[in-house]
Amino acid sequence: MKRWGEAFYGDNALAGAEVLEQAQIAVVVLDRFSNLRYWNEFARDLFGFVGGRDYLGASLLDIGIHEADHEQAGQLVRRVLKGESWEGTFAVLRGDSTWIHVRATAVPTKHPSGAVEGVMLFASEALRNGRVEEQYGLLDRIGRRLAGSLEFSATLKAVAEILVPQFADHCFIDLYDHDRLVRRVSVHAEGWSPPPASWVDVGEEVRYPDHHFVYKAIRRLETVVVGDYVHSSDVAPNERSARVSEQVGVTSAVAAPLRARGEVLGVLTLALSALSARDKTDYDGFDRDLVGAIASRVALAIDNARLFEEERTTALAFQNSLLPRDFQDFDGLSIAHRYTPAKPLEVHGHGIQTQVGGDFYDVIPLSAGRVGIVIGDVEGRGPHAAAVMGQLRAALRAFAQADREPGDILRALDEWVRQLGTPDDEGGTWVPSVSCLYMAYDAWSRELSYANAGHSPPLLICDGRVEDLELQFRDKLLGAKHKGVPGESVYQQATLTLPPGATLLLYTDGLVDRRLPGRAVNVEHSLDILHERVREVADKDVEQIAVVADNAVPGEMEDDTALLVVRSHPEELALQQGWFPAEAPTVAEARHLASTTFKEWGMDRDQAELACLLVSEIVTNVVIHATPHPVSREFTENGVKDSDGPPELDGFDDFDEDWSDLLEESSAGEPEDSSSREFLIRLRRGGNSVWVEVFDHDLRLPRIRKAGADDEGGRGLYLVDQLASRWGSRPTPEGKAVWFEIPMHGEDE
C-alpha cells in the first residue's frame, strides 16, 4: 500500500482503508494537536468507545488514558512530532468502566514534503502475556495503596513495601529539597542494611556524577535501564558504592524520574541483587515501561501528599495561632493544655479535609488574681470553624476581662455568634452552633461561678476520686435560638465551692467520640475508660494527667480535641480582710492593717511602703465618695438592676477625685448615718504578687482625673495607674470593687 485508499498490486488487492479495518491491532491517527482523525474497528473495541458518540476531533486523553499517564501521553506526542518513534504502556479506563493496560507504539505521519503532520499509534492489550499480567498487578496494588493515604511519609513507605521484594531487592526514592536531592527512602530485601558510609542514608544529600544512569534519567526525563550492572562501566557514583554493589551482587537497575504538574520531584531507583532468589536477574524494556508507569503514579501520589501536607500544616498553624501557646503563671494554679487535630477523613469517603476545627480553650486573668476558665467547640470543621473560633475566643476574652458575670458573657456571645451567620441554600441564614462553658474561679475562696451553653461538665479530680462536676445548669448552645421564643437568650449562672486541692479536667467531645474499627461510638463507655485512666494518675502533676487523658480512649479521632487541666493550690495563698467605717480616721487604720499584713507575708520593705501608699489613695477615695446608704445591685435575666437610691443621690456628679468633700466633712464633725457607710479592704497574697481590693456601696466606677496645678487632690488614681502592675474596678451586687496588683519583691531580687 502506497497511500491511503490505493490498492495492492494483484487480482485480489484490498484498499488501504480495508486493510486497516481488518488488522488485529488498534490503529489510531492523531493530528499535530493530539486530536483524533482516524481509528479502526479494533481500536474502537480495545478502548471501549461508547456507541453513538462521535470521537472525531476528541483529544488523545479522552479515550480513557489514566490521569497518572497523562504526562507520558504528552511525552509521546512531543517525541513523535520531532520525527522520532515512541514505545510504552498506558493504563486505560474503557467506556464500560473496566481497566486494561495497553502496549503502544507511535510513529510520525509525514507530508510528501517531509513535514510531520501527525501521529500514528499502534496498540494492543498488554495483559495477553502471563508475565505482563503478573507485573501489571503491581500497578493495581500500588494504585490502591497510594489512594489509601494522603500523608507524605506513609505514601513513601507504602511504595517501598509493595516493590520490595516482589519487584526489586533495593528501592531508593530521592526527592528535591529546593536545589538539593535528598534521600527519603532506602529499603532493602531480607532486612539487609548497607554498611555505614557506603550508600547514601535517609536524610542525606545525594550527588550523582554526570555519567551516572540516575542523573541521565533526571536530565532526559525518561526511564533508564542498566540491564547488566556487573559489566556496565561508570554505573556506581563512587568507589565505596561500587564495592558494596559488588558484595551484595547487584545485577541490574532502573531509574525513573518522578514528575508531576511539569515539575521534577525526584527519582525512583530500583535494583536487583543476590539478596533474593529469583529467576529474573535483569530488567528489560518491558520493565522499563512498567517502572515508568509506577513512577508516574508515585509522583502523582507524592505531589498530592505534599500539597495536602502543606494545606494541613498551614491550617494547623492557623489553628494553633488562634489558641494560646502557653499561659502566664497564675498564683495558686497549675495548668496543662492540649489541642489534637483529628485524623484526615479521606479514608472515610468524606473527601480531603485537613480536620482542623473549632475547639478552643483559654485561661483569662481577671481582677485581683481571679481567673476565667473556658472550654468550647464550634460546630463543623475546617478553616471556617477555626476562623469562627478565633473571633469567638477574642470576643470572650474581651468580655471576661471587663469582669462581666458568666451569664452576661454568654448572653453577649450568643448575640455575637448570630452576627456570624451566612446565607444558606434555602434563602435563610445559617448560624454556627457553639458549646461553651465559662467559669470564673477565685483560688483564695475556691468559689467557682459559671454559666454553661450546652457543654459537657468537666471532671472533678480530688482525693483520688474522679467524677463529673455537678453543674446545676446546662443551657442551650450559643447561636441555637429556638423559633417562636421572644426576647434574648437566657443563660443562668450559679456558684459552687471546690474542695481544697481540687483538679478540673475540661474537654471537648473529640476526647470521647472515638471509634474502634467496625464499632459504633459509645460515649458512656468512653467516659468510663476516661474516668478509670485519669483515676490512675489522679495524684500526678497536671501535665501527666493531660497526657493520659489525651490518650485514654482508644479508636480513631474523627473530631479534633481540646482539653484543659487546672489544679488549685490554696496552700500557696493567704488572705486578710477587714471592715471599716467610711470616715477620715480609718484611712490610717486601713493602712496599718495593710502594713502589718505585708510584713507578716515577707514583702520587701520598699514594696510594702509603696503598696501602703496606694492603699491610702484608694481608701481615701472610698471615704470621700461612699454613699450614705447601701445600694444593692441585682443581676437578672433582663440585665443589671440597681435598687432606688435616696433622693439626695439624684444630684451626684460622676465619680472624681476632688478632696473638698473630705475636707468639709472633717470640719463638720461626724457624718450622718455613718454606721451604714462601711467599706471592706481585702488583701490577697500569691506566690509573687499582692492584690488589694476595696469594696464599697457606691455604684459609680472610678476614673482617672487630670488634676490642675493648684488642685488639692485628683492625683490618687493617677499614682495607682503609674505605680501598680495592674489595677481596675468592677461592679458587684452591692456596689463596686477597686483593686490593684503589686509585686512582693523588687526587680533586684
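Biologist: Why does Tyr361 count as buried?

Modeller: In this predicted model, Tyr361 has a relative accessibility of 3%. Buried means under 20%, so Tyr361 counts as buried.

Biologist: What makes the pair of Phe327 and Tyr361 edge-to-face?

Modeller: The ring centres of Phe327 and Tyr361 are 6.4 Å apart, and their planes stand at 70°. Rings pair if their centres lie within 6.5 Å, and planes over 60 degrees apart count as edge-to-face.

Biologist: Is Phe327 buried or exposed?

Modeller: Phe327 has a relative accessibility of 13%. The limit for buried is under 20%, so Phe327 counts as buried.

Biologist: How many aromatic pairs does the structure hold?

Modeller: The structure holds eleven aromatic pairs. One of them is formed by Phe49 and Tyr55, with ring centres 4.2 Å apart and planes at 20°.

Biologist: Why is the pair of Phe49 and Tyr55 called stacked?

Modeller: Planes under 30 degrees apart count as stacked. The planes of Phe49 and Tyr55 are at 20°, so the pair is stacked. Phe49 and Tyr55 are both buried. Ring pairs also link these two residues with Trp39 and Phe47 into a cluster.

Biologist: How do you know that the charged end of Arg404 sits over the ring of Phe399?

Modeller: The charged end of Arg404 is 4.9 Å from the centre of the Phe399 ring. The distance limit is within 6 Å, and the charge must also be within 35 degrees of the ring normal. The charged end of Arg404 is described as sitting over that ring.

Biologist: What makes the contact of Arg180 and Glu205 a salt bridge?

Modeller: The side chains of Arg180 and Glu205 meet at 3.5 Å, N to O. A salt bridge requires the nitrogen to be within 4 Å of the carboxyl oxygen, so the pair qualifies. Arg180 lies in strand β7 (residues 180-188) and Glu205 in the loop between β7 and α6 (213-220), so the pair ties together parts that are 25 residues apart in sequence.

Biologist: Why do Arg180 and Glu205 count as partly exposed?

Modeller: Partly exposed residues fall between the limits for buried, under 20%, and exposed, over 50%. Arg180 has 36% relative accessibility and therefore counts as partly exposed. Glu205, at 27%, counts as partly exposed as well.

Biologist: Why does Arg207 count as exposed?

Modeller: Arg207 has 65% relative accessibility. Exposed means over 50%, so Arg207 counts as exposed. Arg207 also forms a salt bridge with Glu205, the closest N and O atoms being 3.2 Å apart.

Biologist: How do you know that Glu543 and Arg338 form a salt bridge?

Modeller: The closest N and O atoms of Glu543 and Arg338 are 3.1 Å apart. The limit is within 4 Å, so the pair is a salt bridge. This pair links distant parts of the chain, with Glu543 in helix α12 (residues 542-550) and Arg338 in strand β11 (residues 333-340), 205 residues apart. Glu543, at 38% relative accessibility, counts as partly exposed, and Arg338 counts as partly exposed at 23%.

Technical notes
Residues are numbered from 1 along each chain as its sequence is written. This is a predicted model: local features need pLDDT of at least 70, side-chain atom pairs count only at pLDDT 80 or more; totals for chains, interfaces and linings use all residues. Side-chain values use heavy atoms; hydrogens and water are left out. Helices (H or I, at least four residues) and strands (E, at least two) are DSSP runs, numbered from the N terminus. Buried means under 20% relative accessible area, exposed over 50%, partly exposed in between (1.4 Å probe, protein chains only). Rings of Phe, Tyr and Trp (its six-membered ring) pair if their centres lie within 6.5 Å; planes under 30 degrees apart count as stacked, over 60 as edge-to-face and the rest as tilted.
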